[in-house]
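These are notes for a colleague opening this structure for the first time. Each point takes up one feature that can be checked on screen.

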Number of protein chains: 2
Amino acid sequence: MISSNLDLKNDKPFYLQLAEAIKGRITDNTWRLGMMIPSENELAKEYGISVGTVKKALGVLVQEGVLLRRQGKGTFVASPDFSKSFSRFFRYDWKSGNTVETPGSKVLSIKVIRPDDIISDKLQIDPNQQVFRMKRIRTTQNKPFVIEDIYISCERFRGIETLTLDQRLLYPVYNEKFSTPIIWAEEYLQPESASSEAAEILGIRPNNPVMCVERIAYTHGDLPVEWRRSIGRGDLFRYHIIIR
Amino acid sequence: MISSNLDLKNDKPFYLQLAEAIKGRITDNTWRLGMMIPSENELAKEYGISVGTVKKALGVLVQEGVLLRRQGKGTFVASPDFSKSFSRFFRYDWKSGNTVETPGSKVLSIKVIRPDDIISDKLQIDPNQQVFRMKRIRTTQNKPFVIEDIYISCERFRGIETLTLDQRLLYPVYNEKFSTPIIWAEEYLQPESASSEAAEILGIRPNNPVMCVERIAYTHGDLPVEWRRSIGRGDLFRYHIIIR
DNA sequence: AAGTGGTCTAGACCACCAT
DNA sequence: TGGTGGTCTAGACCACTTT
């Protein structure tokens with residue numbers, strides 16, 4: 001076993017060093033999403049530390065959402081499910097007892113472009129590298145309620161333009177076809193008035209209120225891999241957040 | 001020492017029982033915001049459990065933001081600072097290198113009213129109990145950018161109408177004058193078009209975009225104590241959120 | 001029965017803070 | 001110097017899952 005041993009000279013405690021080592025094995029795809037990682041006893045033996053310290057390291061990663069632990073079964077690399085946190089933000093339950101419904105989606109266009117400064121900055125890529133620009137609409141009950149403008153690196157997502165993306169969530173595609181799981185994201189929200197083009201697509205009147213959401217989605221290593229700008233119908237948009 | 005001992009028959013582990021017991025002492029104001037609580041050794045002795053288990057209980061509460069621990073000093077009841085999380089949501093750094101500025105505030109009116117169903121429901125109070133309704137504007141560089149409509153229980157906040165509230169943050173007042181610290185809050189955001197009255201106050205045109213934020217603020221025991229509805233100028237509003 | 005994680009103990013040693 | 005929390009050990013016993 002070629003174990004990358006822990007460093008006594010490092011001022012970081014063992015449990016944090018181990019947590020980073022585990023994250024490293026996930027980042028480099030040694031351990032993939034959903035896979036079981038070695039047991040507490042194996043890790044303790046491999047790194048030459050006590051089981052208690054291993055437990056502490058694993059606890060940190062569970063807290064961060066990187067790992068899942070199941071008593072009697074094992075410890076697994078977590079598979080973040082963004083479709084859930086996405087739908088949380090829509091008032092699907094607004095004035096109706098409807099069941100939750102996954103929004104439909106339709107790709108309007110995918111083009112290869114040179115990124116402008118904002119996009120290359122957000123995606124942390126070289127401005128000379130090309131990116132895909134995808135325009136997409138999302139629907140509920142067959143009516144468009146969100147327009148999305150999505151930018152991703154051509155290099156990382158080479159070939160995505162040949163896939164069938166209609167009616168699919170993108171993040172599972174990123175994960176399964178391009179080994180790029182989305183781990184976390186940040187969003188910026190602001191209210192705007194609908195442009196005439198947006199209003200026409202969304203079936204509302206120009207200058208009606210819309211919510212503009214900018215999102216940067218990150219994979220392992222806090223690497224940004226997608227930038228998107230969404231315009232949502234104001235009357236269907238309700239964002240819920242807990243502040244602690 | 002009248003120690004409420006832990007329950008072996010309870011299926012909850014000791015460390016969770018202890019965490020709840022500590023939260024109870026904070027809720028009933030035995031231990032107040034900012035106060036130091038007994039040391040690990042004292043708690044272990046008092047409850048008849050090992051120090052390791054106490055450490056685990058305290059770790060849970062640190063994670064929840066209830067406690068703060070300082071090596072060499074002690075463990076303290078955390079004082080949530082909402083002014084910070086509030087200002088996070090405004091684009092004070094938008095297109096300018098300005099330093100962060102606490103918004104000014106001016107109370108337009110405080111009235112005693114009977115709550116409607118929505119408000120008595122949100123505040124979980126009897127519909128026959130009276131509430132204060134406060135209208136307030138918040139300013140930056142002496143220009144209004146948010147209109148607030150705030151509802152609080154007359155009983156809990158008896159006498160607040162006699163205080164000088166202009167240019168003050170409300171949550172420190174709740175905490176210091178009424179022993180009601182705000183621990184957490186939930187918000188609902190949606191985009192709207194400015195009404196003519198709102199537009200006049202905010203210095204924008206009717207139907208310009210505004211952000212509507214509804215907030216329920218909770219004190220200890222998840223008890224709602226304030227409901228507020230804010231209308232913010234769309235061009236000055238930018239909400240930032242991290243999704244994990 | 002064997003292996004997993006979950007809880008708990010009773011220590012040890014360290015780093016930090018006050019006095 | 002004594003008290004605090006932070007790290008770490010080397011076990012024990014339990015609950016759960018799989019074979």
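1. A crossing of two helices is left-handed if the near helix is turned anticlockwise from the far one by less than a right angle, and right-handed if clockwise. The model shown is predicted. In it, helix α1(A) passes helix α3(A) in a right-handed crossing.

2. Two packed helices are described by the angle between their axes and the distance between the axes. For helix α1 (residues 14-27) of chain A and helix α3 (residues 51-63) of chain A, the axes cross at roughly 55° and come within 8 Å. That angle makes α1(A) oblique to α3(A).

3. Which residues form this contact? On the side of α1(A) they are A:F14, A:Y15, A:L18, A:A19, A:I22 and A:K23. They meet A:T53, A:V54, A:K56, A:A57, A:L58, A:V60 and A:L61 in α3(A). By type, the residues of the contact of α1(A) with α3(A) are ten nonpolar, one polar and two charged.

4. Two copies of a chain are related by a rotation about an axis and a shift along it. Here, chain B is superposed on chain A by a rotation of 179° with 0.2 Å of shift along the axis, and the RMSD is 0.3 Å. This is the relation of a two-fold axis. The C-alpha of B:P191 is the one nearest the axis in chain B, at 2.5 Å from it.

5. Through which surface do the copies meet? Of the interface residues of chain B, 100% are also interface residues in chain A, so the copies meet through the same surface.

6. Most residues other than glycine have a negative phi. A:S179, a residue other than glycine, has a positive phi near 50°. A:S179 lies in the loop between α6 (170-178) and β7 (184-193) of chain A. With a relative accessible area of 39%, A:S179 is partly exposed.

7. The loop between β8 (209-219) and β9 (223-233) of chain B holds B:D222. B:D222 is partly exposed, its relative accessible area being 48%.

8. Is A:H220 buried or exposed? The residue sits in the loop between β8 (209-219) and β9 (223-233) of chain A. Buried means under 20% relative accessible area, so A:H220, at 19%, counts as buried. Leaving aside residues up to four places away in sequence, A:H220 touches A:I26, A:T27, A:L33, A:P181 and A:I183.

Note on methods. Residues are numbered from 1 along each chain as its sequence is written. Chains are lettered from A and ligands numbered from 1 in the order in which they are written. This is a predicted model: local features need pLDDT of at least 70, side-chain atom pairs count only at pLDDT 80 or more; totals for chains, interfaces and linings use all residues. Side-chain values use heavy atoms; hydrogens and water are left out. Axes are lines fitted to C-alpha atoms, for helices over the stretch in contact, and angles run from 0 to 180 degrees between N-to-C directions. Helices (H or I, at least four residues) and strands (E, at least two) are DSSP runs, numbered from the N terminus. Angles under 35 degrees count as roughly parallel, over 145 as roughly antiparallel, 65 to 115 as roughly perpendicular and the rest as oblique. Contact means heavy atoms within 4.5 Å. Ala, Val, Leu, Ile, Met, Phe, Trp, Tyr, Cys and Pro count as nonpolar, Asp, Glu, Lys and Arg as charged, and the others, Gly among them, as polar. Copies are superposed by least squares on the C-alpha atoms of residues with pLDDT of at least 70 in both. Buried means under 20% relative accessible area, exposed over 50%, partly exposed in between (1.4 Å probe, protein chains only).
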